[in-house]
Amino acid sequence: MSEREEKGLLEVSCVDCKAWACFPDVSTAKKGRREPPSYCPSNAQKEVCEQALTKYTDKTIEFARSAALIENACYAIDPNTGSAVLPMITMHPRAEEIIMLGKVGTYKKLGLAFCVELQKEAELYTNILENNGFEVVSVCCKTGAIPKKEIGITEEEKLYGPHSEETMCSGLIMAELLNSENTDMNILMGLCVGQDALFFKYAEAFTIPFVIIDRVYGGATMEGIYQVFNSWGNRNYTEQITNGFELMRSAWLKREGA
Amino acid sequence: MGEKMQCSKCDVRVCTVDSSGMHIQGEAPSWCPMKTKADVIKRAIAKCTDEDRKIAHAAAVVESEAYIREPWGLKPYATRVLEIINFAKKMGYKKIGIACCFASGWDAGILTNIFLNRGFNVIARFCKVYQVQNTKFLGLKEEETLVPGGYQSMCNPICQVDALVDSGCELVVTHGQCTGHDALLGKFSQAPVTILGVKDRVLAHNPIVVLTNPWNQYYRKLTRKEPLKLVYVHGHYRSY
């Protein structure tokens, strides 16, 4: 908090909220909710939210319903009370959740867009999906083999240095290829920053990110956040954190509602 | 149109280069989209706007700047967080929106600080915005919720992203969204969406472990011969 005030960039948002009116803890769900703060989007941006709710049409609401069912299915349920076991016990990894979502929502034809570096993993996941009765169309990120200089990449900006014959990744071409196959649902594996933005922009079917690339932490992208307090994680900040422990402690206190 | 595309089963990979940066030589398989769908690719390139071109350019530069070139090869340097920061700087974005799951709210606080430290204006919106109840809007049965009889609002990605774009965010970073909710968010977003983290409840948000350790006891249910069984008990789906 203090760090943000110093920089003069203080804009309160959901991370500053302590009321949690929209999400009472599972243990207190039956006791009722607290009042939302004035900056809560449900107060401050009421028209926008109301407008956004109208975007839930038949197909979308069906998808949202399946996603909500899968979300609730991922926790262990106490058979006596019918509510979630506390503290919560989680059940399914994401690879399995995607299969469950495809089965619950009856999406038969899946498109798999992956990074060439993850081809072996993509092959394994294709086999898993096909084994579970889906039809899989897969496409890799270098499809089209368009040279990088077509979008204005100079020789020095190339990955392997000057005079390499690098081809460019393209989320746009992948999305259009999967659109032409009329997939019901797309799965992303390891697309880089920017390419996923293009893919989301052009894909017609719902697109589920599965694996996110992280070159340092081997796919565990969230480590970039969890390890900012370590010497090797400091690179995410511009300067050395002197009060890293204090920052962490204050964040936890806020979470506890103290 | 012939056979369907199966790039994941291709072992030639003529579309990419080897580790020395030279083209891989060989005959592409018959299903290769460069052979069967050349017209689609041509149309896709024609569709590319200036904005897309700028994004693709920034993405390529960010990728090449993510490595340090050592004499023995490439050494990865940039984490995903850094890549997103570099990307936003290259694109000239001023304000970043974090679309985050409630459970990852703590991460969003740290992430907000990281982005602020780099000089961006940040705003975060959690996934349960507008407090619409699952049971009323989506028609879930009472026993299908986590606490029957309690108040459970639904994850509302469309409201979330609209609220972010309405606040003036030029880039939306999703973090820790559940399966399906990020799909809804990406579909209805007016601004470019990039993904920082995905939620994996079992594997500490690193879903690829299933595919890199397939011989492990825990994940053998995915790689075994019989398909997964999906059952519906007491209002909840279970797979085993």
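Two strands count as paired if DSSP finds at least two bridges between them. Strands (E, at least two residues) and helices (H or I, at least four) are DSSP runs, numbered from the N terminus.

This is a predicted model, in which local features need pLDDT of at least 70 and side-chain atom pairs count only at pLDDT 80 or more, while totals for chains, interfaces and linings use all residues. Residues are numbered from 1 along each chain as its sequence is written, and chains are lettered from A and ligands numbered from 1 in the order in which they are written.

**View 1. Strands β1 and β3 of chain A.** In β3(A), Met185(A) is the bridge partner of Leu110(A). Strands β1 (residues 109–114) and β3 (residues 185–191) of chain A run parallel, joined by 5 bridges.

**View 2. The open sheet of chain A.** Its 4 strands are ordered β2-β1-β3-β4, with parallel pairing. β2 and β4 (206–212) are the edge strands, each pairing on one side only.

**View 3. The loop around Lys158(A).** Lys158(A) lies between β2 (135–140) and α7 (171–180) of chain A. Lys158(A) counts as partly exposed because 19 C-beta neighbours lie inside 10 Å (buried: 20 or more other C-beta atoms within 10 Å; exposed: 12 or fewer; partly exposed: in between; C-beta atoms placed from the backbone). The C-alpha atoms of Lys158(A) and Lys148(A), 10 residues apart along the chain, are separated by 8.0 Å.

**View 4. Where chain A touches chain B.** Chain A brings 136 residues to the contact, chain B 134 (contact: C-beta atoms, placed from the backbone, within 7 Å). Helix α4 (residues 58–73) of chain A gives the most to the chain A side, with 13 residues.

Conventions:
Contact = placed C-beta atoms within 7 Å.
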